[in-house]
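Open the model in your viewer and keep the selection panel handy. Each stop below says what to select and what is there.

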Amino acid sequence: MSSPAATTISSAFEAFREHLDEHYDRRERLIKVNRDVSAASKKVIFLLQRILNETSNDDHVLSLRAATEAKKKLAEVHAMLRNITHEFDGSRFWRYAHNISSGLQEYTEALSFVHYIEHGGLVSYEQVQANLCRDTGQPLFPLPLSDYALGTCDLTGELMRLAISSISKPNGRTRASQISLFVRACKADFETLAPHIPDLHKKQAVTAQSLRKVEEAAYAIVIRSSEYSPRMVDHIVGHVVSGGNEPSEEPDQPSRHRHTPR
């Protein structure tokens, strides 16, 4: 027959086991939702890139269509986040915040992309937090500042891809110039946060690379378009974007610098 002390210890360990099982089960559920949110948010970004790179005579109409389609998909992602709010009852959010961090960053990036298309500026922290609310206006959970900063910083890479892919199209130079100014401003603003947010300095390095690619591609278009054929300009931009030096000769064409025969 067990002693009262042994029974008490056994009951205590049973409670510990139940608590740990509950913790690990909740953690696994959140990690799964985090993966789903990340994947769905990436699809929103791909959707925006695909629509914005379509040929159109009216970029404004194209941008509105892209934003409208993206918002429908973002509503589905929002529903995923809304369905896990019960996991954060009480003060549990900060215990499990790191388990959904990457998903929140991807969601913030997709949301900031839509905002840029519609308004031409950076979505604010308050606007992202307001988006993460119920219909009653009550927040689903507090948005960590680090997830906002890292998510919006990732936007610069997507804008670089948009600028490069559209730079040779009608109005592409204007879009590339606007994106260049915006990315440069973002980089400057985030410099003040970099010492305080882990990994932000790494993303700032990527932002610098994105900015350089956009500026060099724009330079190649503006400066070389008066010197070379459109085919050669596209070739130069391709070399610049891939990190190479400008080719000195047009492909499959004889050299422009001919030697005088003796």
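Leaving aside neighbours within four places in sequence, which residues is Tyr148 in contact with? Tyr148 contacts Thr108, Leu122, Val123, Ser124, Tyr125, Val128 and Leu143. Contact here means heavy atoms within 4.5 Å.

Before moving on, note the ground rules. This is a predicted model, where local features need pLDDT of at least 70 and side-chain atom pairs count only at pLDDT 80 or more, while totals for chains, interfaces and linings use all residues. Residues are numbered from 1 along each chain as its sequence is written, and side-chain values use heavy atoms, with hydrogens and water left out.

**Stop 1: Tyr148 and helix H6**

Stay on Tyr148. Tyr148 sits in helix H6. Helices are DSSP runs (H or I, at least four residues), numbered from the N terminus. Tyr148 has a relative accessible area of 9%, so it is buried. Buried means under 20% relative accessible area, with a 1.4 Å probe and protein chains only. Now draw a C-alpha to C-alpha distance from Tyr148 to Val123. The two are 25 residues apart in sequence and 9.7 Å apart in space.

Next, select all of H6, residues 145-166. Of its 22 residues, 17 are buried, so H6 is mostly covered.

**Stop 2: Ser166**

Go to Ser166, also in H6. Ser166 is buried, at 3% relative accessibility. Not counting residues up to four places away in sequence, Ser166 touches Asn53, Gly172 and Arg175.

**Stop 3: Thr207**

Select helix H8, residues 200-224, and pick out Thr207. Its relative accessible area is 1%, so Thr207 is buried. Beyond residues up to four places away in sequence, Thr207 touches Cys153, Thr156, Val183 and Lys187.

**Stop 4: H2 against H4**

Finish with a helix pair. Select H2 (residues 59-82) and H4 (residues 101-119). Their axes come within 10 Å and cross at roughly 155°. The axes are lines fitted to C-alpha atoms over the stretch in contact, with angles running from 0 to 180 degrees between N-to-C directions. H2 and H4 are therefore roughly antiparallel, a label for angles over 145 degrees.

Now show side chains. On the H2 side, the meeting residues include Ala67, Leu74 and Leu81. On the H4 side, they include Leu104, Leu111 and Glu118.

Notes
Helices (H or I, at least four residues) and strands (E, at least two) are DSSP runs, numbered from the N terminus. Angles under 35 degrees count as roughly parallel, over 145 as roughly antiparallel, 65 to 115 as roughly perpendicular and the rest as oblique. Buried means under 20% relative accessible area, exposed over 50%, partly exposed in between (1.4 Å probe, protein chains only).
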